Amino acid sequence: MLLYALRRLLYLVPVAFGVSLLVFALVHLAPGDAISAIVPPDAPQEVVDKLRTYYGFDKPLPVQYFRWMLVTLGGDFGTSIGTGRPVFEEVGGAFLNTIVLAIAACIVAFSLAVVLGTAAAYARSRAVDRIVTSIALIGVSVPHFWLAIVLVIVFSVELGWLPPMGLGPENVAGWRLDLDHLRYMILPTVALSMIPLGVMTRTVRSTVKEILNMEFVTALQAKGMNDGRILLHVLKNAAPTCLAVMGLQAGNLIGGSILIETVFSWPGTGFLLNSAIFRRDLPVLQGATLVLAFFFMMLNLTVDVIQTMVDPRIKRG
Amino acid sequence: MLKRLRVLLAGAGVLAASTIPAFSQGTLRIGMTAADVPLTTGQPDQGFEGYRFAGYTIYDALVNWDLSKADVLADIKPGLATEWKPVEGNPKKWVFTLRKGVKFHDGTDFNADVVIWNLDKLLNDKSPQFDPKQIAQARGRIPTLIGYRKIDDYAVELETRVVNALFPYDMSYIFYSSPANWEKQGKDWAKVGLNPVGTGPFKVDRVVPRERMELSRFDGYWDKARVPKLDKLLLFPMPEAATRTAALLSGQVDWIEVPAPDALPRLKQGGMNIVTNKYPHNWAYQPSMVEGSPWTDLRVRKAANLAIDRAGIKKLVGDMAIESKGHVYPGHPWFGSPTFDIKYDPEAAKKLLKEAGYGPNNKPKIKIAISTSGSGQMLPLPMNEYVQENLNAVGFDCTFEVMEWNALVTFGFQPVTGEAAKKAGTNAINISRAFPDPYSGFTRLMHGDYVPPKGANWGILKDAKLDEMIDKVHNSFDKAEQTKALQAVHSYAVDQALWIWVVHDLNPRAMSPKVKGFVQSQSWFQDLTPISMQ
């Protein structure tokens, strides 16, 4: 198992290199210019040229890439053009805020999906199945930014129960685990968990239903095993498929949702990327995207290892 | 069951309400449109919203703006300088007499050394305090400043490249940060940004990137009439209009910038005050005036100006605009007396196009570079589509080159003869412009010497008569004479239909009835010092 994990870890090196190249190329392919975004429209050309030289944008793209790689490998992502602060600090702070929200959304979405999906698969009543399927369909169909706005209108504007934006109370900086901050998390968490809830509910339902039709389940029932223990066997068999999808969904959530974070003014990576895109803050864009891509790769690796632990056939394959 | 649910919900509501933090009466919370706290080191980014909230609050300029009145156009007044005048016999040199007794928030003194240190910060790339981020914001505001020297502790001499009677306006955009604080922060501007120190009416207590900026009253402010009434001022970046609306309606903030037009009825219904006023904003089209462009024909430009149904556009933006009658709005001191009446007259537009030799089989082809959003652009897509219908209805063949805001700004860095415009085939551009001062309003946009990259005369308008008139403004040191010269420039620009003008924004902001004492000036900047919370 250790060798398998190490081998997979080694595979990450060329993938990470490819990702860095792709990130750099995409960021530079986008229309607009990094310097024009930070100077007023009528800034003199001498100023624009001076800034272009200062930030190294006058160099050919391959040179810019290698300079970026050098500082990145040294553990420094450079300095934000927009704020002048180290990119590492900018991305780090935002990433932690996104992680908090992503974990909450994962907990809500995955636990509900397992319960609802299993219930639908087991349900003898067509009504239960239809209700669950409808919830799943709504989850994947309703645009989550629209849902976010509706939630804000209902629970913040009309009922006044929950705050519509921000990370926490005005007199506290950063996120903390207390009731006040949890209140601020409720609406973004609900909005963010809808898509993974829909996707996972459908996955769990179909996987469990398929496993329930397998012969070993009939054999277990014939042996007189009680329903609870049979359910454990079914869930264990459904786990590899569900874990793979959960991994992808968790990765999407950790990537941050630009729309949800913008609607709730939640200062995470999505909000940071949104701001960096409009400012053409290339160092922040590159740094944030690279960190997210790397995290996504690590998450996939973790899911693969867990899958292998749950189902050794995967390793053999 | 339903009754139980109602009781439960009501209980939850009371619980939630009881946990909303209480604020003192003197705290004002504002939702900005920016996605981040503007730069706080001295020269703010985020356009004029940055100047409004992280400029004139924390800092002062040598020349400040008088933002105390709503019924007249905001003009400059003494700030950190008590007076200024050109040197006799050499109008390219100006002497600024500095105000004595001004303290920074850190208790250090403001004097001539501070002025020189701050100008070095922007203009001397050999100085240790040189900051490329600040020069990026500031250099375009002081295009003619080439030299500076200390005369004594409270006087400095500034030198301009050309004779420029408008130079005091330029100096209203340059702020002065504390050299002692820069030393204290390890000579690191990024750290200064988190702990800025200026001389302004508010001092910064905390900057939390992308979350908020907290300011409080500076009791030692030099202008005792403008010591803030508020205890605290909290600024939140909220780029999404729906979020700002919800935050205001739910009581999380007391004031929001630029509410969405379709949210105005709901805000009014929620008891909020919608505050508007005229201000120097121009939503218009800047045409190509190079050979081969249909816009070189005065009749075509006049036809376009007469084809636009401005009342319809005003309705489209929820009445948050005034219909253009020229480059500046009627009642503005520079309006003058143009003879060409800009109005909606499609029949006259059709007639003019016919006179110019155009017809159904030979339509003037117009391609305009527009953006999907952007600072001051109002609702660019629906507004442009509305105009397109109007123009096509009288016989134009109007299409768009649509791009993202930043791409459009970059596009505007090259004139119409540049590669970008040639490739796109555009012969007009739609970038909202501010005209807080004559240079921003006319010189950089219409003077023949200010073709990009030197200025923003994108369409390469070359009109010797107009250039002479604008030069006269720059050479008029007497205020009345300067205003008269500006009126002549404006009248000429309108009579020659040099642009296609559509509307001026009304600068809407919504606020809770608890906000008292705010006077919305005719400016992009606003004074927050007279405000109190009820």
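Just after helix 4 of chain A, G75(A) has a positive phi of about 85°. The model is predicted. Chain A has 14 helices and zero strands. Its C-alpha atoms fill a box of roughly 85 × 55 × 35 Å along the principal axes.

**Straight and bent helices**

- Helix 4 of chain A covers residues 61–73, which is 13 residues. At 1.5 Å a residue it should span 18 Å, and its end C-alpha atoms are 18 Å apart, so the two values agree.
- Helix 8 of chain A (residues 179–212) has 34 residues. Its end C-alpha atoms are only 42 Å apart, short of the 50 Å that a straight helix would reach at 1.5 Å a residue.
- Helix 8 of chain A bends by about 35° at M194(A). A proline, P196(A), follows within four residues.

**Helix 1 against helix 13 in chain A**

- The axes of helix 1 (residues 2–29) and helix 13 (residues 282–310) of chain A come within 10 Å and cross at roughly 155°. Angles over 145 degrees count as roughly antiparallel, so helix 1 of chain A is roughly antiparallel to helix 13 of chain A.
- The crossing of helix 1 of chain A with helix 13 of chain A is right-handed.
- Helix 1 of chain A brings residues including Y4(A), L12(A), V19(A) and F24(A) to the contact. Helix 13 of chain A brings residues including L282(A), T289(A), F294(A) and D304(A).
- The residues of this contact between helix 1 and helix 13 of chain A comprise 18 nonpolar, four polar and two charged.

**Helix 9 against helix 10 in chain A**

- Helix 9 (residues 215–222) and helix 10 (residues 227–254) of chain A pack at about 165°, with axes 10 Å apart. That makes helix 9 of chain A roughly antiparallel to helix 10 of chain A.
- Helix 9 of chain A passes helix 10 of chain A in a right-handed crossing.
- V217(A), L220(A) and Q221(A) of helix 9 of chain A meet I230(A), H233(A) and V234(A) of helix 10 of chain A.
- Four residues of the contact of helix 9 with helix 10 of chain A are nonpolar, two are polar and none is charged.

**Where chain B touches chain A**

- In chain B, 54 residues are in contact with 49 residues of chain A.
- Elements of chain B that give two or more residues to this side include helix 1 (2–19), helix 8 (241–249), strand 8 (202–208) and strand 10 (232–237).
- On the side of chain B that touches chain A, 29 residues are nonpolar, 12 polar and 13 charged.

Note on methods: Residues numbered from 1 in each chain as written. Chains lettered and ligands numbered in written order. Predicted model: local features only at pLDDT ≥ 70, side-chain atom pairs only at ≥ 80, totals over all residues. Expected span 1.5 Å × (residues − 1). Bend = angle between axes of the 7 residues up to and from the residue. Axes fitted to C-alpha atoms, helices over the stretch in contact; angles between N-to-C directions. Parallel < 35°, antiparallel > 145°, perpendicular 65-115°, else oblique. Left-handed = near helix turned anticlockwise from the far one by under 90°. Contact = placed C-beta atoms within 7 Å. Nonpolar A, V, L, I, M, F, W, Y, C, P; charged D, E, K, R; others polar.
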